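Work through the exercises below with the structure open beside you. Try each task before you read its solution.

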Amino acid sequence: PPPPPPPKEEPEEIFRIVEQMPRFPGCEDMSGSNAEKEACAKQKMLKYIYANIKYPAIAQENGIEGTAVVQFTVDTDGSITDIKVLRDPSAGLGDAAKALVESMNKMGEKWTPGKQRGRSVKVLYTLPVKFKLQ
């Protein structure tokens, strides 16, 4: 008889909530609990956002402020894929937030992937980016 067909590859599940959520790089070497590492990662991500965000000139000229919401997948290797703008206040703010997230793939370090039952999994991450004129 002919050999059995190869098993169908199931598309890898993308989680929304996992036991250990993905973390921005830079805090993995520190000692402490997961919660402390998570707090450290949030601080580092805020620093990165403030240092790298580019407020679109057209939005500045027209006094447009707002919160852009970007959603992306943190892959099992820590790279960022499938970046989508969920909310765009207009005047290029959504595109600026998307460019910021894309730039995270060019950093020297990758994100710490999310973990479920001890193994790395793909996790959907939603990031609000607030644009406010000074």
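Predicted model: local features only at pLDDT ≥ 70, side-chain atom pairs only at ≥ 80, totals over all residues.

Residues are numbered from 1 along each chain as its sequence is written, and side-chain values use heavy atoms, with hydrogens and water left out.

**Exercise 1. Check the span of helix α1 against its number of residues.**

Step 1. Helices (H or I, at least four residues) and strands (E, at least two) are DSSP runs, numbered from the N terminus.

Step 2. Work out the expectation. The expected span of a helix is 1.5 Å times one less than its number of residues. Helix α1 covers residues 34-52, and its 19 residues should span 27 Å.

Step 3. Compare. The end C-alpha atoms of α1 are 26 Å apart, which agrees.

**Exercise 2. Find the buried residues of α1, and say what covers them.**

Step 1. Set the cut-offs. Buried means under 20% relative accessible area, exposed over 50%, and partly exposed in between (1.4 Å probe, protein chains only).

Step 2. List the residues. Lys37, Cys40, Ala41, Met45, Tyr48 and Ile49 are the buried residues of α1.

Step 3. Look at the cover. It includes α3 (93-103) and β5 (119-131).

**Exercise 3. Locate the disulfide and describe the link.**

Step 1. Search. A disulfide is a pair of cysteine sulfur atoms within 2.5 Å.

Step 2. Name the pair. Cys27 and Cys40 form the disulfide, with sulfur atoms 1.9 Å apart.

Step 3. Read the hand. The angle about the S-S bond is -75°, and the link of Cys27 and Cys40 is left-handed.

Step 4. Cys27 lies in the loop between β1 (14-15) and α1, and Cys40 lies in helix α1, so the pair ties together parts that are 13 residues apart in sequence.

Step 5. Check burial. Cys27 counts as buried because its relative accessibility is 1%. Cys40, at 19%, counts as buried too.

**Exercise 4. Describe the largest pocket by volume, lining and residue class.**

Step 1. Define the space. On a 1 Å grid over the protein atoms alone, a pocket is an open set of points where a 1.4 Å probe fits, with protein on both sides within 12 Å along at least five of seven lines; lining residues have an atom within 4 Å of a point.

Step 2. Give the volume. Grid points are joined across faces, edges and corners, and a volume is the space filled by probe spheres set on the points. For the largest pocket this is about 480 Å³.

Step 3. List the lining. It holds 17 residues, and Ile49, Tyr50, Val129, Lys130 and Phe131 lie nearest the pocket's centre.

Step 4. Trace the sources. α1 and β5 each supply at least two lining residues. The largest share, six residues, comes from β5.

Step 5. Sort by class. Ala, Val, Leu, Ile, Met, Phe, Trp, Tyr, Cys and Pro count as nonpolar, Asp, Glu, Lys and Arg as charged, and the others, Gly among them, as polar. The lining has 12 nonpolar, two polar and three charged residues.

**Exercise 5. Describe the surroundings of Glu28 and Pro89.**

Step 1. Glu28 is found in the loop between β1 and α1. Its relative accessible area is 29%, so Glu28 is partly exposed.

Step 2. Find its contacts (heavy atoms within 4.5 Å). Beyond its neighbours within four places in sequence, Glu28 is in contact with Arg23, Lys37 and Thr112.

Step 3. Glu28 and Cys40 are 12 residues apart along the chain, and their C-alpha atoms are separated by 9.3 Å.

Step 4. Turn to Pro89. It lies in the loop between β3 (80-87) and α3. At 25% relative accessibility, Pro89 counts as partly exposed.

Step 5. List what Pro89 touches. Not counting residues up to four places away in sequence, these are Ile64, Glu65, Gly66, Thr67, Ala68 and Gly94.

**Exercise 6. What is the phi of Asp82, and what is that of Ala91?**

Step 1. Asp82 is not a glycine, yet its phi is positive, about 50°. Its place is in strand β3.

Step 2. Ala91 is not a glycine either, and its phi is positive, about 55°. Ala91 is found in the loop between β3 and α3.
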